[in-house]
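Thanks for coming, everyone. Please look at the screen while I walk you through one protein chain.

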Amino acid sequence: MSRHSVDSIRNAGAANSPAAAPRAPLNAVRRPDPVSEPPVVRWILTGVALLFLGLFLVVPLVAVFYQALSKGLGFYLESLADPDALAAIKLTATTAAIAVPLNLGFGLAASWCIAKFEFRGKALLTTLIDLPFSVSPVISGLIYVLMFGAQGWFGPWLQAHNVQIIFAVPGIVLATIFVTFPFVARELIPLMQAQGNDEEEAVHVLGASGWQIFRRVTLPNVKWGLLYGVILCNARAMGEFGAVSVGSVGPYSRADRHDAAARRDSL
């Protein structure tokens with residue numbers, strides 16, 4: 001290699017070195033970060049969020065516990081041993097034990113189908129899953145009354161066969177399932193869509209079956225989202241009132257109303 005070639009290589013390396021790069025002037029104006037906010041704005045936003053949570057979450061919870069324990073812890077524990085309270089707790093637990101596993105199975109199947117496959121009616125299925133979010137719980141309970149009530153579509157047939165759905169446990173379970181079935185699916189659909197199909201396709205090429213793909217690849221990847229969806233579903237199942245009250249509270253007689261008022265006044 002000639003001396004001229006060596007000098008050319010050295011000059012090119014020197015030109016490309018960091019030391020040869022032009023330096024910014026010391027008095028250059030530093031631009032503000034577009035994704036950051038001034039401290040005052042951050043404090044205001046944080047304060048508004050904490051105030052909102054305090055008014056609409058913390059204060060109601062404190063009021064509930066205050067009213068429950070206003071007559072002492074002993075009276076509260078005695079109230080839990082009341083036959084009516086035990087029956088209500090048993091009914092709530094039974095309803096959640098039926099509704100949550102059914103919604104778990106539906107949520108897994110629907111989310112896997114929507115996120116992993118393309119088919120006709122996919123948008124319609126997604127819309128139907130979101131339907132309980134847009135319908136009032138009272139209206140959803142009224143729907144079952146109009147279907148299975150005495151004057152409903154199936155009411156005469158149910159009465160003829162001595163089957164009671166409305167104002168009974170089956171009506172409560174149906175109303176609870178309706179208002180809670182979107183929670184698991186809505187937690188899993190975006191999670192599965194974000195993960196994509198690469199891992200499933202890879203193990204499918206290696207010879208794994210559909211059940212093996214679901215059990216060893218899909219399910220472990222969504223286990224935390226699935227757990228969160230089950231928790232939300234169970235919380236809504238135990239706390240739902242509107243739809244359940246419409247489909248479970250039958251017509252009271254005057255004597256029943258009088259006994260209920262007397263019991264309430266005696267507390």
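Over which residues does pLDDT stay under 50, with 2 contacts beyond four places in sequence? One answer is residues 251-258. Residues 17-21 are another such stretch, also under 50 and also with 2 contacts beyond four places in sequence. Here pLDDT is the predictor's confidence in each residue, from 0 to 100, and contact means heavy atoms within 4.5 Å.

A word on ground rules. This is a predicted model, where local features need pLDDT of at least 70 and side-chain atom pairs count only at pLDDT 80 or more, while totals for chains, interfaces and linings use all residues. Residues are numbered from 1 along each chain as its sequence is written, and side-chain values use heavy atoms, with hydrogens and water left out.

Now the whole chain. Its mean pLDDT is 80. Of its residues, 79% reach 70 or more. The chain has 15 helices and 0 strands. Both kinds are DSSP runs, numbered from the N terminus: helices are H or I with at least four residues, strands are E with at least two.

How much of the chain is buried? Buried residues make up 23% of the 267 residues. Buried means under 20% relative accessible area, exposed means over 50%, and partly exposed is in between, using a 1.4 Å probe and protein chains only. The chain exposes about 19200 Å², and carbon and sulfur atoms supply 67% of that. Those areas come from the Shrake-Rupley method with a 1.4 Å probe; for residues, only the protein chains shown count as cover.

Next, contacts along the chain.

On to the inside. The largest nonpolar core has 11 residues, including Val100, Leu108, Phe183, Leu188 and Cys233. Such a core is a set of buried Ala, Val, Leu, Ile, Met, Phe, Trp, Tyr and Cys residues joined through side-chain atoms within 4.5 Å. Helix H4 (83-116), helix H10 (182-195) and helix H13 (223-239) each give two or more residues to this core. H10 gives the most, with 4 residues. Apart from this core lies another, of 10 residues, among them Phe148 and Phe178.

Let's zoom in on Ser111, in helix H4. At 0% relative accessibility, Ser111 counts as buried. Its side chain has a polar atom 2.6 Å from the backbone oxygen of Gly107. The side chain also reaches the backbone oxygen of Leu108, at 3.1 Å. Leaving aside neighbours within four places in sequence, Ser111 is in contact with Ala185, Leu188, Ile189 and Met192.

Now helix H5, residues 122-129. Which of its residues are buried? They are Lys122, Thr126 and Ile129. Seen down the axis of H5, these fall within an arc of 60°, so they line one face of the helix. That arc is taken from the directions from the helix axis to the C-beta atoms. On the other side of H5, Ala123, Leu124 and Thr127 are exposed. The buried residues of H5 pack against H4, helix H6 (131-134) and H10.

Last stop, Lys122. At 17% relative accessibility, Lys122 counts as buried. A polar atom of its side chain lies 2.8 Å from the backbone oxygen of Ile114. Not counting residues up to four places away in sequence, Lys122 touches Ile114 and Phe117.

That's my tour. Over to you.

Technical notes: A polar contact is a pair of N or O atoms within 3.5 Å; within protein, one must be able to donate a hydrogen and the other to accept it, and residues adjacent in sequence count only if both atoms are side-chain atoms.
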